[in-house]
Amino acid sequence: MAYFKETVRYGKYVDVKIYHTLRQYEALPEKRRPKFRETAIPQQEANRRRAIEKLMRLICCNFTQGDLHVQLKYIRKKDEPYRTAEEMRRDIAVFHRKIRAEYRKKGIEYKYIHVMEIGKRGARHHHMVMNYIDPRIIQKHWPFARVTFTQLDGGDYRKLAAYLVKQSDEIFRNKELMKQRYNCSKNLKKPVVKREKIKRAATYARHVRIPKGYMLLKGSDETGADFFGHIFFKYTLVKLE
């Protein structure tokens, strides 16, 4: 059994996770494999949690207080057909092209994360996380309906990531609009991940180590088990301003 410490840096946050893995046992015959408790999180829910965590880290790496969560909506007249998936993809492609040109005029690099949504009643939406630009410019290039905006608050964006993952659940299952949960610009920074092997005793110490210049994010320290019953201990640090 191997024991590891994983450190993930993204924006002003650092996630620390200490865990053990049983991959070395995968090639063993069934009779020789260790037995595990059946108290772990179901795999589907574990995958969803990982999707939220991955998106939250990506947002934290690239966006900050004052940037925008934008909803691009459509107004559908009575008896008018809904926009097709192809039309929605074309609409957002045109939007990206025009908005990118607006950012370029201002000497700003355009960064975004994009999620398409079809509501339970059929309403179409585009969700965007964007670095700040005057909202009037965004409205200028979205002729289909009034655009709504929320400015980011500078937090860890877990709630925003969970919301966007929820909106993407249906399209992720049927692949009608997008082949993945979200699309993003190619210029986004990625979290920095470091994994190191550690001694077994460190796995069970469950001690939060806070380096100078950081503080523990309240409520982030957690002990749990993954789908296979592997115990882990994790916590999040925040860089002091």
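Modeller: Let's start with ring pairs: two rings of Phe, Tyr or Trp pair if their centres lie within 6.5 Å. Keep in mind that we're looking at a predicted model here. In it, ring pairs link Y74, F95, W142 and F144 into a cluster.

Colleague: Okay, and how many aromatic pairs does a search of the whole structure find?

Modeller: Nine aromatic pairs turn up when the whole structure is searched.

Colleague: How do I read one of them?

Modeller: A pair of aromatic rings is described by two things, the distance of the centres and the angle of the planes. Take Y74 and W142: their ring centres are 5.3 Å apart and their planes are at 65°, so this pair is edge-to-face.

Colleague: Where do Y74 and W142 lie?

Modeller: Y74 lies in the loop between β3 (68-73) and α2 (85-105), while W142 lies in the loop between α3 (135-140) and β6 (148-151). The pair therefore ties together parts that are 68 residues apart in sequence.

Colleague: Is Y74 buried or exposed? And W142, buried or exposed?

Modeller: Buried means under 20% relative accessible area. Y74 has 15%, so Y74 is buried. W142 has a relative accessibility of 1%, so W142 counts as buried too.

Colleague: What about the rings of Y74 and F144?

Modeller: There the centres are 5.1 Å apart and the planes are at 50°, so the pair is tilted. F144 lies in the loop between α3 and β6, and Y74 in the loop between β3 and α2, so this pair ties together parts 70 residues apart in sequence. As for accessibility, F144 has 27% and counts as partly exposed.

Colleague: Now the cysteines. How many disulfides does a search of the whole structure find?

Modeller: Zero disulfides come out of that search. C60, for one, is in no disulfide, and its nearest cysteine sulfur, that of C61, is 7.4 Å away.

Terms used: Residues numbered from 1 in each chain as written. Predicted model: local features only at pLDDT ≥ 70, side-chain atom pairs only at ≥ 80, totals over all residues. Heavy atoms only, no water. Disulfide = S-S within 2.5 Å. Phe/Tyr/Trp six-rings, centres within 6.5 Å; stacked < 30°, edge-to-face > 60°. Helix = DSSP H or I, 4+ residues; strand = E, 2+ residues; numbered from the N terminus. Buried < 20%, exposed > 50% of the residue type's maximum accessible area, 1.4 Å probe, protein only.
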